[in-house]
Amino acid sequence: MKQSLIIVAHPHINESVTTQTIAQFLQSTSEAENGIISVRTISELYTDGKIDVAEEQKALLEADNVVLLFPFYWYNVPAILKLWMDEVLEYGFAYGKTGDKLKGKNLLLSLSTGGHEEAYQPSGRNNNYIADYLLPMKQTAFLTGMNYLEPVVSYGMVNIKGIDIDKAPVIEKAKAHALKLYEILQTL
């Protein structure tokens, strides 16, 4: 298995069920695999919003596969991930005349949403497929020369603060999501 970098971007990771379960599985797997998988929880690393661009670029350079792990809400990525992308994927590094440092690396999106899959249909509540909302991420992969892989999406992962929800099914689906992600990484 090639070196994989997991960028965990959840603004409230300690309150998360899904993202935290997936990240913990991958972290424990990383330890068992002697560091083949590197997990960076950027919302914990940069609580002040000041991204260490050099450190993040170094981590990207060492990886063959880049996984962005995040909850999908308001039809977008969390603000910390957008900030990370804005600052780390800079001209001359990720794109532009000499910006070929990510070329040929794999980009895999790993996301969860509270809505069910039926909601992400043209006839559903959200009016579009999830892939339609991810087009900016696909274009980012294209611009940076990365290979955009089919995203791993878990639907119906509801965890709303203040609402009592049975978390057991969410945890089980998160574990299945993590295992699927790991299996994909093994094939790359």
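Okay, let's start with a term: a residue is buried if its relative accessible area is under 20%, exposed if over 50%, and partly exposed in between, using a 1.4 Å probe and protein chains only. What we have here is a predicted model, where local features need pLDDT of at least 70, side-chain atom pairs count only at pLDDT 80 or more, and totals for chains, interfaces and linings use all residues. Numbering runs from 1 along each chain as its sequence is written, and side-chain values use heavy atoms, leaving out hydrogens and water.

Which residues of H4 are buried? They are Ile80, Leu81, Trp84, Met85 and Val88. Look down the axis of H4 and these buried residues fall within an arc of 140°, so they line one face of the helix; that arc is taken over the directions from the helix axis to the C-beta atoms. What do they pack against? The partners are E1, helix H2 (42-45), helix H3 (53-62), E3 and helix H6 (135-144), where contact means heavy atoms within 4.5 Å.

E1 brings us to the strands. Strand E1 (residues 4-8) runs parallel to E2, and five bridges join them; two strands pair if DSSP finds at least two bridges between them. Strand E2 (residues 37-41) is mostly covered, with four of its five residues buried.

Trp74 sits between strand E3 (65-71) and helix H4 (79-88), and its phi is positive, about 50°, although it is not a glycine. Is Trp74 buried or exposed? Exposed, because its relative accessibility is 75%. Tyr75 is in the loop between E3 and H4 too, also with a positive phi, near 60°. Tyr75 counts as partly exposed because its relative accessible area is 37%.

On a 1 Å grid over the protein atoms alone, a cavity is a set of points where a 1.4 Å probe fits but cannot get out; a pocket is an open set with protein on both sides within 12 Å along at least five of seven lines; and lining residues have an atom within 4 Å of a point. Grid points are joined across faces, edges and corners, and a volume is the space filled by probe spheres set on the points.

The structure holds one cavity of 30 Å³ or more. Of the 13 residues lining the largest cavity, the closest to its centre are Leu68, Trp84, Leu89, Leu107 and Met146. About 100 Å³ of space lies in there. H6 gives the most to that lining, four residues.

The second largest pocket comes to about 290 Å³. It has 16 lining residues, and Lys82, Met85, Pro136, Met137 and Thr140 are the closest to its centre. Again H6 gives the most, with five residues.

Last stop, Val153, in strand E6 (residues 152-154). Val153 is partly exposed because its relative accessible area is 23%. Leaving out residues up to four places away in sequence, Val153 touches Leu111, Ile130 and His177.

Note on methods: Helices (H or I, at least four residues) and strands (E, at least two) are DSSP runs, numbered from the N terminus.
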